[in-house]
Amino acid sequence: MSDNALSETRTLGWREFIDLPDLGLYNIKAKVDTGARSSSIHAFDIQPEEQDGQQWVNFKVHPLQHDDSEVVQCRAPVKDSRQVTDSGGHRTQRYVIDTTFNLGGEQFTAEVTLADRGNMLFRMLIGRTAMNGRYLVDPKLSYCVSHQPQTTE
C-alpha cells in the first residue's frame with residue numbers, strides 16, 4: 001500500500017457498530033477481527049431453498065448483544081457453502097452470502113458466513129477480507145467510525 005493510500009485509509013477500533021441494510025439489520029455491535037479471514041453473523045434456524053434455479057437461505061438473527069428477545073427474519077441468495085475453521089480449530093460447513101455493509105457512513109458489499117454465535121460475546125465479526133484496502137485497525141480504540149446507539153430506556 002502506498003503512503004498516499006495509507007493516509008486515506010480510515011481507522012477502525014476493535015469494536016464498531018455496523019448496519020446490514022439488505023438484511024434489515026441495524027446497529028449490530030461487531031468485533032473487528034483481523035485474525036478472522038471471513039466476516040460472520042450469528043444466524044439460527046438456517047433453512048436453504050431453491051427458487052427459480054437459484055439457491056437461497058432463510059435464517060433468523062438475534063441482533064442485540066446479550067438479548068435473545070428480538071428476532072429478525074432474513075433471506076439472501078447463497079453465494080457459496082464452504083468449510084470454515086473457527087478460532088478453536090473446529091471446522092464447520094457454512095453458507096456464505098454477499099450483503100451490503102454500512103460502516104461509518106461507507107457502503108460496500110462483502111461476504112458474510114452464517115454461523116451459530118449464540119455463545120459468543122459479539123453477534124458479528126468483521127473479518128479482514130471485508131476490511132482489506134479500506135481500513136486500518138487500532139486495537140486500543142473502540143467506535144472510531146460508529147457511535148453506540150441511544151437507548152430509549
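Leaving aside neighbours within four places in sequence, with which residues is D80 in contact? The residues are R94, Y95 and V96, where contact means heavy atoms within 4.5 Å. The model is predicted, so local features need pLDDT of at least 70 and side-chain atom pairs count only at pLDDT 80 or more, while totals for chains, interfaces and linings use all residues. Residues are numbered from 1 along each chain as its sequence is written, and side-chain values use heavy atoms, with hydrogens and water left out.

**Overall architecture**

- The protein chain contains 2 helices and 12 strands; these are DSSP runs numbered from the N terminus, with helices being H or I of at least four residues and strands being E of at least two.
- Read from the N terminus, the order of elements is α-β-β-β-β-β-β-β-β-β-β-β-α-β.
- The radius of gyration is 16 Å, close to the 15 Å given by the globule rule for 153 residues, so the protein chain is as compact as a globular protein of that length. This radius is taken over C-alpha atoms, and the rule is 2.2 Å times the number of residues to the power 0.38.
- Along its principal axes, the C-alpha trace spans about 45 × 40 × 30 Å.
- Of the contacts between residues at least 6 apart in sequence, 56% join residues at least 24 apart.

**Surface and charge**

- Buried residues account for 41% of the 153 residues in the protein chain; buried means under 20% relative accessible area, exposed over 50%, and partly exposed in between (1.4 Å probe, protein chains only).
- The accessible surface is about 8600 Å², and 44% of it belongs to carbon and sulfur atoms. Areas come from the Shrake-Rupley method with a 1.4 Å probe.
- There are 16 positive and 21 negative side chains, and the centres of the two sets are 6 Å apart. Lys and Arg count as positive and Asp and Glu as negative, without His or the chain ends; each charge is placed at NZ of Lys, CZ of Arg, CG of Asp or CD of Glu.

**Nonpolar core**

- The largest nonpolar core has 30 residues, and those with the most contacts inside it are I18, L25, F59, F101, M124 and I126. Such a core is a set of buried Ala, Val, Leu, Ile, Met, Phe, Trp, Tyr and Cys residues joined through side-chain atoms within 4.5 Å.
- Elements giving two or more residues to this core include β2 (15–20), β3 (25–32), β9 (91–103) and α2 (128–131).
- Beyond its neighbours within four places in sequence, I126 is in contact with residues including I18, A30, V32, F101, L103 and M131.

**Backbone with positive phi**

- Most residues other than glycine have a negative phi.
- N27, in strand β3, has a positive phi near 55°; N27 is partly exposed at a relative accessible area of 36%.
- H66, in the loop between β6 and β7, has a positive phi of about 65° although it is not a glycine. H66 is exposed, with a relative accessible area of 65%.

**Selected positions**

- D80 belongs to strand β8 (residues 80–85) and counts as partly exposed at 31% relative accessibility.
- D80 and Q55 are 25 residues apart in sequence, with a C-alpha to C-alpha separation of 9.3 Å.
- G105 lies in the loop between β9 and β10 and is exposed, with a relative accessible area of 69%.
- G105 and P48 are 57 residues apart in sequence and 32 Å apart in space, C-alpha to C-alpha.
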